Amino acid sequence: MVNLKLSTWVPPAHPLNPALQAWAASIEKASGGTIKSTLFPSEQLGKAFDHYDMARDGIADFTYVNPGYQPGRFPIFAAGQLPFLFSNGKGGSAALDEWYRAYAGKEMQDVHFCMAFVHDPGSLHSRVKIVVPSDISGKKIRPAGQTIAAMVTQLGGTNVQASAPESRDVLERGVADAIFFPWGSIMLFGIEKAVKYHIDAPLYTSPFVWVMNKDRYDGMSDAQKKVIDDHCTTEWAEKIATPWADFEHAGIEKLKAMSGHEVYPLTPEQVAEWRKATENLTMAWAEGVKSAGGDPDAALSALKESLARHDAAF
């Protein structure tokens, strides 16, 4: 009998948690009841920033990781943070997972990689109205990972680092003026009480991984390993991501209907400004991959091909 500890840092009401519980229930059934799991949400076992190391060190058996919380540590995976790549979270998750399987064994070699996925594209939400890239200048922004952080710096803003659970507080206290965040989660984390302006455009997405402690996996029987392998697939990545993608996308209309909030689209000219302002982020990402001994051109081409196959290219 194996009892697994699953750890996430999002609150119980977040749609990722029931999706992971359904995944765990499927594992229990497929293993004939020999693999049971308990989910610990809301940073019960450790802070959001620590979840990769928690899996590595066995503090939890499976952990939900935002690699963007640790800039420079996973340079290839950071391609998933580049703006204007993903059009949706469902096919986008399948595309990301399928692509990253070629790299996970090397880049995340001290854990057992299970799957990768993205949230539905998010945007910029602010206390003061921001429309074009030049509006970032002088503002304090909570970014959505290292790539967006680099963009903020490049545009003359200051980054305020805070995990999702900490974000409302830094905005309410005026420590930050704006935040890059997915739509439905704005209300889940209470951030709508601190911001009122929202750009209605898929500016970015954040990629995540679900990883396992290596020793825990290695200690299982062959039959149990097969059950885990059968649940660490591209199909499961999309299945896990789908309820979350629907939840985030629905947040756009909810905020539009909310009194005191302004949700505004960008003109084609304004979108072109954002695209131009983010061009060198790809170059900076490529340099990071080269420094780690990787081939950025091949990696990015493969990701774009995977996105096209899954109807998820922006």
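Helices (H or I, at least four residues) and strands (E, at least two) are DSSP runs, numbered from the N terminus. The views show a predicted model, in which local features need pLDDT of at least 70, side-chain atom pairs count only at pLDDT 80 or more, and totals for chains, interfaces and linings use all residues. Residues are numbered from 1 along each chain as its sequence is written, and side-chain values use heavy atoms, with hydrogens and water left out.

**View 1. Thr8 sits in the loop between strand E1 (2–7) and helix H1 (16–30).** Thr8 counts as buried because its relative accessibility is 0%. Buried means under 20% relative accessible area, exposed over 50%, and partly exposed in between (1.4 Å probe, protein chains only). Contact means heavy atoms within 4.5 Å. Not counting residues up to four places away in sequence, Thr8 touches Asn17, Leu20, Leu39, Phe40, Pro41, Ser42, Glu43, His51, Tyr64 and Trp210.

**View 2. The largest nonpolar core has 106 residues.** Such a core is a set of buried Ala, Val, Leu, Ile, Met, Phe, Trp, Tyr and Cys residues joined through side-chain atoms within 4.5 Å. Trp23, Phe117, Leu124, Phe180 and Trp210 have the most contacts inside it. Helix H10 (residues 234–256) gives the largest share of this core, seven residues.

**View 3. Strand E4 (residues 112–118) pairs with strand E10 (residues 207–212).** Two strands pair if DSSP finds at least two bridges between them. Here six bridges join the strands, which run antiparallel. Met115 stands opposite Trp210 in E10. Seven of the seven residues of E4 are buried, so the strand is largely enclosed by the rest of the structure.

**View 4. An open sheet of six strands has the order E7-E6-E8-E5-E9-E11.** Its pairing is mixed. Strand E7 (158–159) and strand E11 (262–265) stand at the edges with a single partner strand each, so one side of each is left without a neighbour in the sheet. Strand E5 (residues 123–126) and strand E8 (residues 178–181) run antiparallel, joined by four bridges. Ser126 stands opposite Ala178 in E8.

**View 5. Gly122 lies in the loop between E4 and E5.** Gly122 is buried, at 0% relative accessible area. Leaving aside neighbours within four places in sequence, Gly122 is in contact with Phe181, Pro182, Trp183, Ala201, Pro202, Leu203 and Tyr204.

**View 6. The largest cavity holds about 190 Å³ of space.** On a 1 Å grid over the protein atoms alone, a cavity is a set of points where a 1.4 Å probe fits but cannot get out; a pocket is an open set with protein on both sides within 12 Å along at least five of seven lines; lining residues have an atom within 4 Å of a point. Grid points are joined across faces, edges and corners, and a volume is the space filled by probe spheres set on the points. The whole structure has four cavities of 30 Å³ or more. Of the 23 residues lining the largest cavity, Trp9, Tyr69, Arg142, Ala164 and Phe181 lie nearest its centre.

**View 7. The second largest cavity holds about 50 Å³ of space.** Its lining is Pro83, Phe84, Ile148, Met151, Phe180, Leu203, Trp274 and Thr278.

**View 8. The largest pocket has a volume of about 240 Å³.** Its lining has 13 residues, and Ile76, Lys106, Glu107, Ala292 and Gly294 are the closest to its centre.
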